[in-house]
Amino acid sequence: MEAVVDELPVILQAFWLTVKLTVVSGVISLVWGTVLAAMRVSPLPVLRGAGTVYVNILRNTPLTLVIVFCGLGLGTVMDVQFSADDLSVDNFWLSTIGLSAYTSAFVCEVLRSGINTVPIGQAEAARSIGLTFPQTLRLVVLPQAVRAVVAPLGSLLIALTKNTTVAAAIGVAEAALRMKNLFDAHGSDIIPIFLGFAVGFLVLTLPVGLLFGWLARRVAVAR
Amino acid sequence: MTRASVLYDAPGPRTRLRNNVLTLVFGVVLLLVAYVVWNKFDEKGQWAGKLWRPFLEADTWTELILPGLRNTLSAAAVAAVLALVFGAVFGIARLSDHWWVRIPAGVVVEFFRAIPLLMLIFFAQYGGSLAGLIVTEFTAVVFGLMLYNGSVLAEIVRAGILAVPRGQAEAGYAVGLRKNQVMRLILLPQAVTAMMPAIVGQLVVLLKDTALGFVVAYADLLNAGARVVPANFFNLIPSVIVIAAVYIVINLALGYLATWLERRSRRGRRSAAAPVAPGVAAGGEMAAVP
Amino acid sequence: MKRKVTQMRIGAGMLALAVLATSLTACASSGATSIVDKAKNDKKLVVGIKIDQPGWGLKKPDGTYAGFDVDVARYVAKALGVPESGITFKEAQSANREPFIQQGQVDMVVATYSITDERKKKISFAGPYLVTGQDILVRADDSSIADVESLKDKKVCGAQGSSSPKRLADKFGAEWESKNLTQQQGYGACLPLLQNKQVDAISTDATILAGFATQFPGQFKLIGKPFSTEKYGIGLKQDDKAGRDAVNNAIEAMFKDGTWRKAVDANLGEFGKFFSSPPSVERY
């Protein structure tokens with residue numbers, strides 16, 4: 001127990017990094033996932049094809065591999081560098097790219113299936129009362145689609161929060177790697193340290209789950 | 001487009017023309033991106049034959065890569081069996097009539113779903129040796145996979161059983177079946193049919209997650225690709241790409257199996273329960289848990 | 001064929017272990033027997049080595065293992081009465097060498113394993129069979145790094161769980177650790193980072209660095225000013241005094257009959273000259 005109290009600054013620092021990774025990759029994944037979803041439902045076969053290939057590759061590759069590839073490949077082969085003098089910044093962004101590249105494939109699929117929940121009759125009805133194409137999308141289709149994706153997007157956010165630990169594979173000092181280092185330093189306090197970190201993740205994920213659950217119920221489309 | 005979409009009208013002649021132009025534009029853009037990537041690889045000598053040739057030789061596969069694949073598959077298989085047992089036990093326990101069974105089961109399931117798998121694996125390694133147990137990397141990986149995926153499967157099981165219409169259980173009680181008979185003879189058989197696609201979906205997730213073993217030096221497929229092969233041929237990037245292809249092929253195959261099962265269970269309708277969508281346990285309705 | 005059977009048996013054993021561990025009925029490993037008895041009775045040993053370190057411990061595509069540590073392990077095993085076919089090599093990464101020995105997953109560890117007092121609290125060491133020091137590997141055309149002090153404003157790569165990056169982090173402080181140090185899974189992962197200038201240096205034992213550098217003639221250079229003393233020992237169970245003595249005898253015999261010299265030259269090529277004479281074994 002003492003170890004947890006003594007090392008509290010280190011633990012909080014680790015979770016701050018976890019939160020940063022989650023928020024930044026979450027935003028990027030949402031944007032990039034929306035672009036991918038737009039590609040996958042677009043009328044242009046070339047975009048649909050590219051989107052499908054991307055999603056199928058990223059969804060079926062282990063996240064650990066994606067992050068290792070980003071950490072060791074993007075810099076060395078593609079000359080991607082985010083900071084000339086700070087490796088932690090570099091590693092932060094490389095793992096963020098990995099997390100976002102992976103998560104956006106799932107975001108894309110959630111959004112796409114959200115659109116698929118809207119019955120085709122809705123669009124037909126909208127057209128028959130004389131709405132234009134943008135009006136149909138804005139007033140009829142998208143509002144229903146967005147409501148259907150609230151809950152699954154919440155689950156994705158929770159999964160992403162937990163997945164940030166995989167960045168440990170390339171030495172990002174987030175919660176899991178810090179926990180392991182503390183295990184090494186305080187061999188007899190393994191259980192309190194583990195429980196401390198577990199509580200940290202419960203604190204991060206439970207409110208998100210409750211919020212999205214509440215939101216999903218509130219905006220649910222009665223069908 | 002052959003399929004009518006909720007998003008688009010059938011294209012007229014002008015739209016078709018515009019689509020063709022856009023197709024050309026985006027096609028060029030995509031080719032350009034591919035060209036830039038290809039060029040960078042070329043610049044860094046990543047297409048050099050000596051980096052890729054090892055993958056044409058049988059020994060590289062039989063001695064370095066396939067042992068890793070075998071370890072990945074065996075960890076996944078053992079963890080899958082244990083997770084299914086864990087999921088069945090805790091999923092049913094959460095539906096118990098007794099609060100002292102229901103609540104602890106719920107706490108266990110919610111706890112392990114909220115903890116990152118990597119933390120569970122680290123904990124198994126260090127906590128196990130603290131308790132004097134022999135914890136191999138295999139055990140640590142399997143332990144983590146079992147607890148995490150077992151908890152997710154518990155939710156799938158619960159959802160599957162709840163998806164069986166109430167009348168089924170009531171009819172069972174009406175003809176004089178006891179509680180466990182109703183569960184065993186009526187609810188579970190129908191629930192299993194409904195859960196099948198979701199279960200297979202979760203097993204794909206489990207298989208992918210074995211790659212976390214890399215971080216604790218479990219000699220899995222990723223370990224073979226990212227450390228063992230490059231130590232011989234110094235071809236980290238090509239090797240990781242080849243290994244990714246292996247993972248993708250395996251997971252796509254499992255994914256098709258899940259789709260096929262879903263279609264079959266939808267067509268067969270031997271169950272009164274509606275199919276449980278993959279990823280139901282994520283708290284959502286359709287997201288797979290990555 | 002024989003190997004396959006053993007592997008299958010290990011697989012089955014692991015499965016049983018997993019089940020046992022999860023049902024919490026497994027009891028503590030009884031670690032009382034000496035490696036000498038095990039070698040004599042079973043004619044089998046499990047040896048923890050690195051499998052991704054050229055020159056030291058490397059698994060080759062033909063399924064065999066090669067490197068200086070492997071040669072030492074074979075020599076010691078033979079001295080204990082175990083034929084080459086009775087040795088099972090098992091990967092021991094930097095981070096899990098102590099648990100491996102403590103838990104009896106391996107009988108000994110020969111894996112570029114530095115003797116330290118901290119480690120001696122958990123396990124014991126025979127040897128040393130080689131003395132080296134933490135050194136710095138840089139790109140051949142980089143003349144800006146002369147010694148460890150010049151790493152202060154350079155970017156360095158190390159392996160997670162290894163003591164080398166820890167030493168630098170202690171020296172230069174937490175901010176340096178965050179900004180200038182990246183810790184990867186094994187030193188092999190550092191190599192492409194150094195080649196492509198993501199980092200300026202890899203710092204760990206000169207031996208390990210030499211092993212990598214020999215694979216790329218002309219590309220890298222070793223600074224050659226070790227700033228620590230690393231004594232490579234063979235890790236054994238803490239209470240196995242008899243085993244320690246027997247392994248020490250074997251090491252001394254290896255020094256004397258010229259096998260040690262031959263192994264150094266065979267595995268380290270031009271860098272063999274850095275290790276002119278064998279160290280003296282420290283018995284305790």
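This passage describes three chains of a predicted model, their contacts and some local features. Local features need pLDDT of at least 70, and side-chain atom pairs count only at pLDDT 80 or more, while totals for chains, interfaces and linings use all residues. Residues are numbered from 1 along each chain as its sequence is written, and chains are lettered from A, with ligands numbered from 1, in the order in which they are written.

Chain A is described first. Its secondary structure comes to nine helices and zero strands. Helices (H or I, at least four residues) and strands (E, at least two) are DSSP runs, numbered from the N terminus. Along the sequence, chain A reads α-α-α-α-α-α-α-α-α. The C-alpha atoms of chain A fill a box of roughly 70 × 45 × 25 Å, taken along the principal axes. Of the 223 residues in chain A, 51% are buried. A residue is buried if 20 or more other C-beta atoms lie within 10 Å of its own, exposed if 12 or fewer, and partly exposed in between, with C-beta atoms placed from the backbone. Contacts were also examined by sequence separation. Two residues are in contact if their C-beta atoms, placed from the backbone, lie within 7 Å. Among contacts in chain A between residues at least 6 apart in sequence, 74% join residues at least 24 apart.

One residue of chain A illustrates the spacing. A:Leu195 sits in helix α9 (residues 190-219) of chain A. A:Leu195 has 13 C-beta neighbours inside 10 Å and so counts as partly exposed. A:Leu195 and A:Ala105 are 90 residues apart along the chain, and their C-alpha atoms are separated by 32 Å.

Chain A touches both other chains. Its contact with chain B takes 59 residues from chain A and 54 residues from chain B. On the chain B side, the elements that give two or more residues are α1 (13-43), α5 (117-130), α9 (221-233) and α10 (236-268). The largest share, 10 residues, comes from α10(B). This side of chain B divides into 39 nonpolar, 10 polar and five charged residues. Ala, Val, Leu, Ile, Met, Phe, Trp, Tyr, Cys and Pro count as nonpolar, Asp, Glu, Lys and Arg as charged, and the others, Gly among them, as polar.

The contact between chains A and C takes 11 residues from chain A and 15 residues from chain C. On the chain A side, α4 (63-78) and α5 (87-116) are the elements that give two or more residues. By class, that side of chain A has four nonpolar, five polar and two charged residues.

Within chain B, helix α4 (residues 99-114) packs against helix α6 (residues 137-162). The angle is about 125°, and the axes are 8 Å apart. Axes are lines fitted to C-alpha atoms, for helices over the stretch in contact, and angles run from 0 to 180 degrees between N-to-C directions. α4(B) and α6(B) are therefore oblique to each other. Angles under 35 degrees count as roughly parallel, over 145 as roughly antiparallel, 65 to 115 as roughly perpendicular and the rest as oblique. From α4(B), the residues B:Val109, B:Phe112 and B:Arg113 take part in the contact. They meet B:Leu147, B:Tyr148, B:Ser151, B:Val152, B:Ala154 and B:Glu155 in α6(B). By class, this contact has six nonpolar, one polar and two charged residues.

Chain B also holds a backbone feature. B:Phe234 lies in the loop between α9 and α10 of chain B. Phi of B:Phe234 is near 50°, a positive value in a residue other than glycine. B:Phe234 counts as partly exposed because it has 18 C-beta neighbours inside 10 Å.

Chain C contains strands. Five of the five residues of strand β11 (residues 201-205) of chain C are buried, so β11(C) is largely enclosed by the rest of the structure. Strand β8 (residues 134-139) of chain C runs antiparallel to β11(C), joined by four bridges. Two strands pair if DSSP finds at least two bridges between them. C:Ile136 stands opposite C:Ser203 in β11(C). Strand β9 (residues 156-159) of chain C runs parallel to β11(C), joined by two bridges. C:Cys157 has C:Ile202 as its bridge partner in β11(C).

C:Lys197 lies in the loop between α8 (190-195) and β11 of chain C. Its phi is near 65°, a positive value in a residue other than glycine. C:Lys197 is partly exposed, with 14 other C-beta atoms within 10 Å.

An open sheet of three strands in chain C has the order β2-β3-β4, with antiparallel pairing. The edge strands, β2 (52-53) and β4 (65-66), each pair on one side only.
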